[in-house]
Amino acid sequence: MDTKYLDIIKAPVITEKSNDLTSKNQYVFKAASKANKTEIKLAIEKIFKVHVKEIRTLNVKPKKRRVGRYTGLTNKWKKVIVTLAEGEQINLS
């Protein structure tokens with residue numbers, strides 16, 4: 001497997017809402033900010049050996065955070081919601 005695919009898909013997003021989406025055959029991932037839908041689709045198909053039906057992306061804006069008297073921002077990132085073909089699944093555990 002090529003390491004460039006692992007640079008595109010950073011990590012799965014494990015939340016209650018993303019776990020509910022798995023019943024609809026949808027999975028949520030954190031992706032590189034500069035990656036487009038075509039690159040993300042190819043990376044998911046190569047890494048997990050599945051067929052991707054649809055991809056939805058959204059940019060998550062940075063949030064203000066404060067630690068003591070210091071303020072700053074969290075990192076921006078891209079959230080990817082992947083719908084797989086019927087009968088396929090990804091084991092994230």
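## Pairing of S2 with its neighbours

In this predicted model, Tyr 27 stands opposite Val 82 in S6, and the two strands S2 and S6 run antiparallel, joined by six bridges. S2 also pairs with strand S1 (residues 9-12), again in the antiparallel sense, over three bridges; there the bridge partner of Ile 9 is Ala 31, a residue of S2. Five of the six residues of S2 are buried, so that the strand is mostly covered.

## The sheet and the helix packed on it

The strands form an open sheet of four, in the order S1-S2-S6-S3, with antiparallel pairing. S1 and S3 are the edge strands, each of them pairing on one side only, and from one strand to the next the twist averages 30°. Helix H3 packs on this sheet, where it touches S1, S2, S3 and S6, and the direction of H3 makes about 120° with that of S3.

## The nonpolar core

The largest nonpolar core has 19 residues, and those with the most contacts inside it are Ile 9, Phe 29, Ile 40, Ile 44, Val 82 and Leu 84. Two or more residues come from each of helix H1 (3-8), strand S2 (26-31), helix H3 (37-48), strand S3 (52-60) and strand S6 (77-84), with H3 giving the most, namely four residues.

Val 82, one of the core residues with the most contacts, touches Asn 25, Gln 26, Tyr 27, Phe 29, Ile 44, Val 52, Glu 54 and Ile 55, when residues up to four places away in sequence are not counted.

Technical notes
Residues are numbered from 1 along each chain as its sequence is written. This is a predicted model: local features need pLDDT of at least 70, side-chain atom pairs count only at pLDDT 80 or more; totals for chains, interfaces and linings use all residues. Side-chain values use heavy atoms; hydrogens and water are left out. A nonpolar core is a set of buried Ala, Val, Leu, Ile, Met, Phe, Trp, Tyr and Cys residues joined through side-chain atoms within 4.5 Å. Buried means under 20% relative accessible area, exposed over 50%, partly exposed in between (1.4 Å probe, protein chains only). Contact means heavy atoms within 4.5 Å. Two strands pair if DSSP finds at least two bridges between them. Axes are lines fitted to C-alpha atoms, for helices over the stretch in contact, and angles run from 0 to 180 degrees between N-to-C directions.
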